[in-house]
Amino acid sequence: MGVTIYCEKSREVIDVTMSGFFRLRMKAAELAGKEWGAHYAKLANAPLFGSSRTDFFNAFDDKTDDLLAQCAVSVNIASFCLQSDCGGHVGPRTCKEILDVIGDYDDDLPYGYTGRADCATFSDFKRLLGECVKNKCDLVWD
């Protein structure tokens with residue numbers, strides 16, 4: 001099971017693993033600002049069960065609200081990072097903002113399925129964001 005990310009109009013698509021999608025959003029969070037990146041990275045160690053999980057997410061949400069109030073992260077970037085892994089979307093303005101945050105960053109890491117010839121890369125993700133900006137449409141994932 002993974003995540004299919006696509007441009008709503010052009011239907012250009014990339015397939016990434018669940019961990020690949022998390023890593024894409026982690027990198028966007030990191031590039032959006034040191035404080036937001038460090039905060040978002042805490043999700044990798046979230047408790048799986050029980051009251052400690054509830055406490056973790058209550059504290060996480062409070063800190064997210066603080067960072068938004070301090071303008072340490074934009075609402076658009078936070079929305080991209082914090083939406084569900086399945087059934088999410090962002091508009092073309094958010095795609096443009098993500099592209100601005102990413103800038104010239106690129107890497108050689110696989111975000112998709114390494115056994116496939118079309119294994120998604122960070123540059124594929126950037127290209128998809130650009131398609132959404134160009135076509136003035138949503139980036140969608142499910």
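**View 1. Surroundings of W36 in the predicted model.** Leaving out residues up to four places away in sequence, W36 touches A29, T64, L67, A72, V73, I77, A78, C81 and L82, where contact means heavy atoms within 4.5 Å. This is a predicted model, in which local features need pLDDT of at least 70 and side-chain atom pairs count only at pLDDT 80 or more, while totals for chains, interfaces and linings use all residues. Residues are numbered from 1 along each chain as its sequence is written, and side-chain values use heavy atoms, with hydrogens and water left out. W36 belongs to helix α2, residues 34–41; helices here are DSSP runs of H or I with at least four residues, numbered from the N terminus. With a relative accessible area of 0%, W36 is buried, a word that stands for under 20% relative accessible area with a 1.4 Å probe and protein chains only. S19 lies 17 residues from W36 along the chain, and their C-alpha atoms are separated by 19 Å.

**View 2. Helix α1 and the residue that follows.** From its first C-alpha to its last, the 15 residues of α1 reach 21 Å, close to the 21 Å expected at 1.5 Å a residue, the expected span being 1.5 Å times one less than the number of residues. The buried residues of α1 include G20, F21, L24 and R25, together with M26, K27, A28 and A29. After α1 comes G33, which has a positive phi near 155°.

**View 3. The largest pocket.** The volume of the largest pocket is about 240 Å³; a pocket is an open set of points on a 1 Å grid over the protein atoms alone, where a 1.4 Å probe fits and protein lies on both sides within 12 Å along at least five of seven lines, and lining residues have an atom within 4 Å of a point. Of its 13 lining residues, F22, R25, Y40, L43 and F57 are the closest to the centre. Two or more lining residues come from each of α1 (18–32), α3 (50–69) and α4 (75–82), and α3 gives the largest share, 3 residues.

**View 4. E131 in helix α6.** E131 is found in helix α6, residues 122–135, and is buried, with a relative accessible area of 15%. Its side chain makes a polar contact with the side chain of K134 at 3.3 Å, that is, a pair of N or O atoms within 3.5 Å, one able to donate a hydrogen and the other to accept it. Apart from neighbours within four places in sequence, E131 is in contact with C7, S10 and E12.

Technical notes
Grid points are joined across faces, edges and corners, and a volume is the space filled by probe spheres set on the points. Buried means under 20% relative accessible area, exposed over 50%, partly exposed in between (1.4 Å probe, protein chains only).
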